[in-house]
Amino acid sequence: MGCTCSRRSSKAHVPESPQDFISGQKENSPLLVGSSKVLIVGEDIWSAQILNWLDNAECKQRLVTGYEDAGTNFTAFQPHYVILDLGIPEPNQTLRVLKAIKMEHKVTFIGIVKQSANDKEDCMNTALKSGFDRVLIEGEVLKQIPQRTPAMPESLFVALEKSRDLIIISDSHNKVQFVNGPCLQVLGYTRDEITGKDLTTFQDITPFLRQLERGFEWVGKIRWRTKSGDTLTLQCHAIPFSPGPGLRNHYLYLQDNPLETHVYPRGSLPSIRKGSYDLKSIISEGSARRQSLAKLYNLPLEAPITKVLSLLCAAQENAAQPVVQMLEQVMDILRTTELYTSHLKADNLRAEDPVTTNLIAALVSQGPPSAIMPRRSSNESAVSKKKQGTKKHSHLLLPMSRDLKEALEKLSAWDFDVLLVEKLTAGKPLLYIGMKIFSNFNVHKTLGIDDRTTFGWLSTMEKHYKPTNTYHNSSHAADVLQVTGCFLNRLRAKNLLDPLDEACCLIAAAAHDLGHPGKSSAFLTNSGDELAVLYNDVSILEQHHAALTFKLTLRDEKINIFKALDRKTYTSARACIIDMILATDMFKHFEHYTKFVTVFNKPAEDTTGAETKQIERQDLENENGINPEDLMLIKRMLIKCADVSNPTRPLHLCKQWAKRIAEEYFAQTDEEKAKNLPVVMPLFDRSTCSIPVSQMGFMDYIVNNMFEEWDSFIEMPEMLYHLRKNYDYWKELHDKGLTGIEDPEKVPKNVKSEKVATKDLSIKEDSYQLKDKKINIIN
């Protein structure tokens, strides 16, 4: 049994020169700060040397000379850092034991490799794979101890107090830790009345607190309650920060002072040189900013167009009304899809000039058909008059077990289990789910076809999804189709989409990954695949899915679901379906998301709260008021959200989809290594990958913000409920140092997987010709 000792220095270290302090603030930030607790596990003399250095940094330390005592002291001491000698017996086992102990704060684990070790690099790599946060060679840790200056904290507080902005700092429990003078002046409180109090007493931070907890900044408007009882709306920039490594986040709320007006960019003086702007200074400047642009700033990604729109918004603030109106027109133009698509001016057309009217117009203006479809009433048919007949519609009854019938009864529910249907249908979920959903939305009536054509088309689509893909197979297509149905049901209340719109959405969902090879577009480009050559390395997969869909559909009249449409309607429907499939290209994610936010989350000026929401709802429900181009934005957002909805599903489904996508990416990485190709996704190396980390990153950077905007549009709170529960689940696994989809301690033992009898549900591949006697036709 080893002994332990605890020490703390009572002296403060003063740096010999400014360089001593600055050297600790470079890219390799210091590991330790004053007031931190450090547990050292090791027996050699270097541990005592570290203790002397920690004294200079004013850290509390505890030395454990026997690794058997590490767990007990870890619990009792509650350290922020653990420095572990990798030369002790079973260092990885010690790490796993310590990581399994729950702490209220984050603990940083640092491994130390001896200078005398022969295989330092191998030892460091092994330790990093085992879960250490940092691995250093003996002696390096001493160089990274920060040097402190007593004057710094005081000078920072003076700067905060004298700032003209309103500044509030709260801790992780939302208790106010600091408020500066200008903020007290505006809100009317004394310092004692607000310091130490819960921030929610003065304003509602619930809408954005989740984003701060995940470590992302937030920009938007906050309604404060002043001491007089009034409500004051201020533009706020909320920033999470940590007081020190291993410590829980605090939150800084930086707000504009309504008692001051800024004419020049902050930090600039009047001069002949124009002030320079960046996105942060613009969005935190002034009081009349667009909430939609603030939402875009909250993203960890940005595009040049958001900077342009922000600059134009800033220019509007102090401009004359005619200029404001012109800038508004400029921003509306910038939100269009094709900025550089040319059109001949009407006043340039001359009837006597056939070169202009015929040749140039044909060359310049000819482009792909528009994806915008003409609006139809519910009674107006899209079917060609020549092909309209009085033939009675035929219904197909597919063979179903009792379990399958029960599963399909929940088809409109968000917790629908498509993986269960996959088992119950012997790997044909797209056919069964597709027939049910197409029937629910009367797709046969909209397209003027019978169930036999629908059955044949769905069978053909499912046949051309590759069952060897663990993720991009017909089950994923069926899942996206079912989610699309849920979204369309919710959108029906807004009266935005007509029956042909709905049919195109369902067709695009069913075929959006058709013929997916199980590899990414980047892999196809790097490997010189024939698809990459065919599509010139541009949206390779998405173009392949769309092209294959129409190739298969049009080559066989028996499964051609478009055969009854008139030419104009078919052209529009085809363009719409292609547009939606191409929208699933993640390379253009931010473009589609930005357009949706700027168009559908733009509140009216001087309108807040319920009034804004009511105006937005009235505008959207006005059937004649929706811009056709904006309607395409809705359909793109719909299929994008449906395509990546796995993290918003119930946990048991979320885990299975996470496992499937990881396995498909693992296989790609394996093949890239075997063929000596560039590794597109190094994270998905099956020997080192952490599925919880990959899922959390995908949620943080892609899913969370997009679904928050989509939820505010269609109002489906169950999506965000599951998204947050799933994020917490992955975070819990990561905090425990687990890399799989399950916590072994919580998995029930002796649970056998049930095999589903599906032989009675087999359907022949040519069943759309109705050769299978088990499919009954009812006329």
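**Inside the model**

Modeller: C641 is buried, with a relative accessible area of 0%, where buried means under 20% relative accessible area, exposed over 50% and partly exposed in between, using a 1.4 Å probe and protein chains only. This is a predicted model, in which local features need pLDDT of at least 70 and side-chain atom pairs count only at pLDDT 80 or more, while totals for chains, interfaces and linings use all residues. Residues are numbered from 1 along each chain as its sequence is written, and side-chain values use heavy atoms, with hydrogens and water left out.

Biologist: What about C654, buried or exposed? And how many disulfides are there?

Modeller: C654 counts as buried, at 1% relative accessibility. The structure holds zero disulfides, a disulfide being a pair of cysteine sulfur atoms within 2.5 Å.

Biologist: Which residues touch the most other members of the largest nonpolar core?

Modeller: Those are I433, F487, W710 and W730, in a core of 110 residues. A nonpolar core is a set of buried Ala, Val, Leu, Ile, Met, Phe, Trp, Tyr and Cys residues joined through side-chain atoms within 4.5 Å. There is also a second, separate core of 23 residues, which includes V186, Y189, F208 and W224.

Biologist: What is W710 in contact with, leaving aside its neighbours within four places in sequence?

Modeller: With those neighbours left aside, the contacts of W710 (heavy atoms within 4.5 Å) include F487, F596, C641 and M719. W710 also belongs to one aromatic cluster with W414, F487, F596, F600 and F713.

Biologist: How are the rings of F596 and F713 arranged?

Modeller: Their centres are 5.4 Å apart and their planes are at 80°, so the pair is edge-to-face. Rings of Phe, Tyr and Trp (its six-membered ring) pair if their centres lie within 6.5 Å, and planes under 30 degrees apart count as stacked, over 60 as edge-to-face and the rest as tilted. F596 is buried at a relative accessible area of 0%, and F713 is buried at 4%.

Biologist: Changing topic, how many aromatic pairs does the structure hold?

Modeller: It holds 16 aromatic pairs. One of them is the edge-to-face pair of Y471 and W657, at 5.5 Å centre to centre with 80° between the planes, and both of these residues are buried.

Biologist: Which residue lies over the face of W657?

Modeller: R660 does, at 5.4 Å from the ring centre. A charge sits over a ring if NZ of Lys or CZ of Arg is within 6 Å of the ring centre and within 35 degrees of the ring normal.
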